[in-house]
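Today I open my notebook and walk through one protein model, sheet by sheet. Come along and check each entry against the picture.

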Amino acid sequence: MNVAKTITSLEKSLSEITPDYTKILVPTMGSLHAGHLALIDEAKRTSGGKGFVILSLFVNPTQFNQADDLKHYPRSLEMDLKLCKEHGVDLVFAPESDIIYQADHSVTVSESELSKRLCGATRPGHFDGVCTIVLKLFNLTRADIAIFGKKDYQQLAIIRRMTRDLNIPIQIRGVETIRETSGLALSSRNKRLSEQQHSDAQRIRRGMLAAQTTYLQGTTSADKLISVTQNIIESSELGLKIDYLELLDRESLQPIKSLSSPAVMAVAVSYGAVRLIDNIELP
Ligand code: AMP
């Protein structure tokens, strides 16, 4: 496995790949867990014997709208490299920020529709940062395929939209969310929860599964389904706050009133400074 920390070393590794190989990019911010590993495994499966898996490890400063969140974002480079090696990654790209951003950089990619709601509403500028770094990684690696998790549902929808609208020659794949046995979606931010909060956070998944059951029993009203989930999440006694809880059309991410076509319920909650997101596709 090669590790590139500069653009020159990245270019060198890429130049050694024979043209009949498919390049598959897995963008991450590191602190790898089983969710990220599922993306790597999907990349390995996708490529068959003729694939070259590139994993980027970069805590992208431009997508953090709170300095404190960036400062506390977990970092574990040595362990990440070990996991990448074990899972058959061919090349890790782990640059420092000054390698990626020129001091006077002044161009940003901005998606203006899907990013208005959900995380875009509570984290101004977040998706501009995401789109910009993702496009830079697409350009730097010239990957054929890029793999993202459905855990970050809005992010995946925005990247698909960016790829479509800017005619970027890359195929985007989404992978199902990997969860703890309790149902809590794996996230690098889970490490910042206390033991009590960690166990309390199970109610996020429980709340969404209850909405699914209610739907399967015949309820289609978005308000009713949302209130089923909301009641379960808000019965927390640990100061769990709902940032948003919405039922949306899966592609446009516009709120729906009644569940009649493919939809997604998306939620963001916070325990103090720790913010968790999750979603469930319905029906
Ligand atoms: P991050 O390092 O949090 O930016 O995530 C990198 C990629 O891993 C993104 O495409 C995420 O959607 C994906 N990811 C994060 N957590 C999970 C999870 N629990 N299951 C599946 N994919 C995930």
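**Entry 1: the six-stranded sheet.** I began with an open sheet built from six strands, paired in parallel, and I noted the order β1-β4-β3-β2-β5-β6. The model is a predicted one, so I keep that in mind for every entry.

Which strands sit at the edges? I found β1 (2-4) and β6 (171-175) there, each pairing on one side only. Going from one strand to the next, I get a twist that averages 25 degrees.

Next I looked up how β1 is held to its neighbour. Three bridges join β1 to β4 (residues 91-93), and the two strands run parallel. In that pairing I could point to V3, which stands opposite V92 in β4.

**Entry 2: the ligand.** How many residues surround the ligand? I noted 17, and the closest are M29, G149, D152, I178 and L186. I looked up three of these in turn:

- For G149, a polar backbone atom is 2.8 Å from an oxygen atom of the ligand.
- For D152, a polar side-chain atom lies 2.6 Å from an oxygen atom of the ligand.
- For L186, a backbone N or O atom lies 2.8 Å from a nitrogen atom of the ligand.

On its own the ligand has 480 Å² of accessible area, and the protein covers 93% of that.

Which elements give two or more residues to the shell around the ligand? I wrote down β2 (22-28), α2 (34-47) and β5 (145-149). Of the elements, α2 gives the most, with three residues.

**Entry 3: the three-stranded sheet.** I moved on to another open sheet, with the order β7-β8-β9 and antiparallel pairing. At its edges I marked β7 (240-249) and β9 (274-282), each of which pairs on one side only. Neighbouring strands here are turned by 15 degrees against each other on average, ignoring direction.

How many bridges join β7 to β8? I noted nine, with β8 covering residues 263-271 and the two strands running antiparallel. One pair I looked up is D249, whose bridge partner in β8 is A263. Helix α11 (residues 222-234) packs on this sheet and touches β7 and β8, and its direction makes about 155 degrees with that of β7.

P283 has its place in the segment after β9.

My last stop was L118, a residue other than glycine with a positive phi, near 50 degrees. I located L118 in helix α6 (residues 118-122).

How values were computed:
Residues are numbered from 1 along each chain as its sequence is written. This is a predicted model: local features need pLDDT of at least 70, side-chain atom pairs count only at pLDDT 80 or more; totals for chains, interfaces and linings use all residues. Side-chain values use heavy atoms; hydrogens and water are left out. Two strands pair if DSSP finds at least two bridges between them. Helices (H or I, at least four residues) and strands (E, at least two) are DSSP runs, numbered from the N terminus. Axes are lines fitted to C-alpha atoms, for helices over the stretch in contact, and angles run from 0 to 180 degrees between N-to-C directions. Contact means heavy atoms within 4.5 Å. A residue is near a molecule or strand if one of its heavy atoms lies within 4 Å of it. A polar contact is a pair of N or O atoms within 3.5 Å; within protein, one must be able to donate a hydrogen and the other to accept it, and residues adjacent in sequence count only if both atoms are side-chain atoms. Accessible areas come from the Shrake-Rupley method with a 1.4 Å probe; for residues, only the protein chains shown count as cover.
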